[in-house]
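Subject: Structure handover

Hello,

Here is the structure we talked about. Please open it alongside this email; my notes follow below.

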Amino acid sequence: MGRRWTRPGPFLLVLLCYGQLLSWLRTENAQSPDMSYNESEVKAFLQNYERTAQVVWNKFMEATWNYVTNITKKNRGEMLHEDMERSQHILFFGTQARLFNIATFQDPVIKRMLRKMQNMGKAALPVKELQEYNQLLAYMETMYSMAQVCLEEGPCLYLEPDLQEVMANSRDQKELLWAWQGWRDAVGRPLRTFFERYVQLSNKAANLNGYKDMGALWRSKYDSENETNTLQHDLELLFQELQPLYLNLHAYVRRALHRRYGPQFIDLKGPIPAHLLGDMWAQSWVNILDLVLPFPEKPLEDITKIMKGQRWKPHKMFQEAEKFFTSLGLLPTPMEFWSKSMLEKPADGREVMCHASAWDFYNGHDFRIKRCTEVTIEDLLSVFHQMGHIQYFLQYKDLSVIFREGANPAFEEAVGSAITLSASSHKYLLNIGLLSLQFQDSKDEVNFLMGIALEKIAFIPFGYLVDLYRWKVFDGTIHKNIYNQEWWSLRLKYQGLCPPVPRSEEDFDPGAKYHISASIPYLRYFLSVVLQFQLHEALCRASGHVGPLHHCNIYNSKMAGKLLEDALKLGSSKPWPEVLKMMTGESQVSTKALMTYFKPLMNWLVTENVRQGEVLGWPEFSCSFEEKEKNTFLGLELDSDQAKTGQWVLLVLSFVMFLLVLMLGRRLYILSTAQDTKAYFLGMAMEPHKAAKGQWILLGLCVLLLVCSISLAIKIFTQQSKKPLWMTAEWWGLN
């Protein structure tokens, strides 16, 4: 099933030790004019890398797997140790790769491998900062995975599956708001403290790799060799092409929610509150299909209910997905997959990271999936998607470690998603017994396409803005004091959403999304939405499908399987436009297939929105955002809460001084009327007239301090143009 590997020998140990000494070698020293190598020397170098990399990466993946499937301090320490070992390996070979003058070589494969090795990612950081960075990332991801929201009288709820079930199934606005706000309080606010340092270290790593910031490094994954990089411009064009479909969907859904929740929550010309769309991040709206179904008299069958009635289990869901891939003539999963994967949440009390992911252990035979699977149609389609990753791993397992990744990150996501388009087709679900009724007419088709659109089209602006936001953070366009404000500015601009309650800069709502807390680039998901329809169309064409694209099901098509296999086997050994052209005949990402797929729905939405007189978009609306009010206190600019605390302290001091004045006055009165021959002042015995004199002086000082304190308090409140709390009617309960 793959290349055997052995324990690391002395050569690897030497490499790891010397990697520590080479951190000084950076890009500026990478190509010395005095050093030249022939291709045979480079091949030997690459062979050494290959022999050691499989061992190092395998150990890192094992340690990471152990941690995310059993979150303990011991496992975290082992993971961080193996991560440092992997980074030292990358650093050693990366610095060596920078010594080669790539332009002098003829073999395009060698040139491509060296270019990839020269980008060392975070391994370029100095050791102490690399350790800090790794610990920071581990802490942020763990905080996200272990966060809970607690009921006032009851249990605490995790995100998966508890809070997600609330967001998906509740139609109580107050309950939805509780879950939405509680999750952001539990995760976002604590993460804000660490995010600024994360940004600093990320940018330093990017700089050491020759990029201006981390956003530029992430975008380099989509660069085409020997072509001008127009990625950001191309992305904006793609979004503009897709925007009419999203705007029509948004307007239609907004009216449906207006019918359900009323005008006090939904403005028919404004943005939608983010907690009412059936998902914690409002990135997928499929869970509110029952509220927005175009033809409610023809409801869709409840596939989740059917699955539970047929006693489906998570294991069966994965078996069904594998059966689909093998029907195409593709590779079955190894036995190790079934014995080592975590297919559902453990019942033994372990803390785990439930976020779904597919894993390649770089030994050619060990591939796994980690997810807390629930028996639902949404999870079934997600399983198909994850198994697409596993098939990609299986197909390119014999390539160099350097090429064991997708043609680009979006390709990796699009492969599994293209398969889900067949798996979600009416024909396929009918064949496996999860549907019982054939399509009757166009109304059924519009209802079906609405369900797909709420998953795919609703995601488009969110998929785009997540990295757009982080690119602006990395390049300094978005400063730390407006992190949350700018997040909601982008969500309003692109999604037409607002927070259900006012937000402030004490909040950090971006951190409530896993990929931000775990530092995972997100552009891949935006591009994969478009790309999956291109791949689906090409596979349908290869299978001989005739008819509407949304009817296509490639199950059992060996021709479609061969086309997919040939592309997957290439990994990242070829530029992604070449791989795309081989599959689709086009070398650029195109929205044509997506628009073709949804054309019947788009036509219906436009007609319906015109009939209802809908306003597309949310012109001249803004979200409610609480600016932290700044006040001046004793010459310092403080938040209003801090200034208020200072004012209270000053007020208390004034009362204390007032009490001292009263006590001293009483004491002086007693002295003046007493007939004693002795009196005391500050603990010393003396004649009464001398003690009285001392106390008069002390009384004068206290009165002076009292006047100063009261004057200062009055001045501060006057400067703030506010009455002190105790001078308001509310304070005395008069209103």
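A definition before the helix pairs: axes are lines fitted to C-alpha atoms, for helices over the stretch in contact, and angles run from 0 to 180 degrees between N-to-C directions. Please also keep in mind that this is a predicted model.

**α17 and α25**

Start with helix α17 (residues 442–456) and helix α25 (residues 599–612). Their axes are 9 Å apart, and the helices pack at an angle of about 100 degrees. Angles of 65 to 115 degrees count as roughly perpendicular, so α17 is roughly perpendicular to α25. On the α17 side, the contact uses V446, L449, M450 and A453. On the α25 side, P600, L601, W604 and L605 take part. By class, that contact has eight nonpolar residues, no polar and no charged.

**α18 and α21**

Next, look at helix α18 (residues 460–474) and helix α21 (residues 523–543). Their axes come within 7 Å and cross at roughly 150 degrees. Angles over 145 count as roughly antiparallel, so α18 is roughly antiparallel to α21. The crossing of α18 past α21 is left-handed. From α18, the residues in the contact are I460, G463, Y464, D467 and W471. They meet L523, F526 and V529 of α21. Sorted by class, this contact has six nonpolar residues, one polar and one charged.

**The cavity**

How many cavities of 30 Å³ or more does a search of the whole structure find? It finds one. The largest cavity holds about 30 Å³ of space. Its lining is made up of E322, F325, L331, T333, M387, I390, Q391 and L394. Two helices, α12 (314–327) and α14 (377–395), each supply at least two of the lining residues. Which helix gives the most? That is α14, with four residues. By class, the lining has five nonpolar, two polar and one charged residues.

**W338**

One more residue to look up is W338, which sits in helix α13 (residues 335–340). Leaving aside neighbours within four places in sequence, W338 is in contact with H315, F318, Q319, E322, T333 and L343. Among these contacts are E322 and T333, and both residues also line the largest cavity. W338 and I369 are 31 residues apart in sequence. In space, the C-alpha atoms of W338 and I369 are 9.2 Å apart.

Best wishes

How values were computed. Residues are numbered from 1 along each chain as its sequence is written. This is a predicted model: local features need pLDDT of at least 70, side-chain atom pairs count only at pLDDT 80 or more; totals for chains, interfaces and linings use all residues. Side-chain values use heavy atoms; hydrogens and water are left out. On a 1 Å grid over the protein atoms alone, a cavity is a set of points where a 1.4 Å probe fits but cannot get out, and a pocket is an open set with protein on both sides within 12 Å along at least five of seven lines; lining residues have an atom within 4 Å of a point. Grid points are joined across faces, edges and corners, and a volume is the space filled by probe spheres set on the points. Ala, Val, Leu, Ile, Met, Phe, Trp, Tyr, Cys and Pro count as nonpolar, Asp, Glu, Lys and Arg as charged, and the others, Gly among them, as polar. Angles under 35 degrees count as roughly parallel, over 145 as roughly antiparallel, 65 to 115 as roughly perpendicular and the rest as oblique. A crossing is left-handed if the near helix is turned anticlockwise from the far one by less than a right angle, and right-handed if clockwise. Contact means heavy atoms within 4.5 Å.
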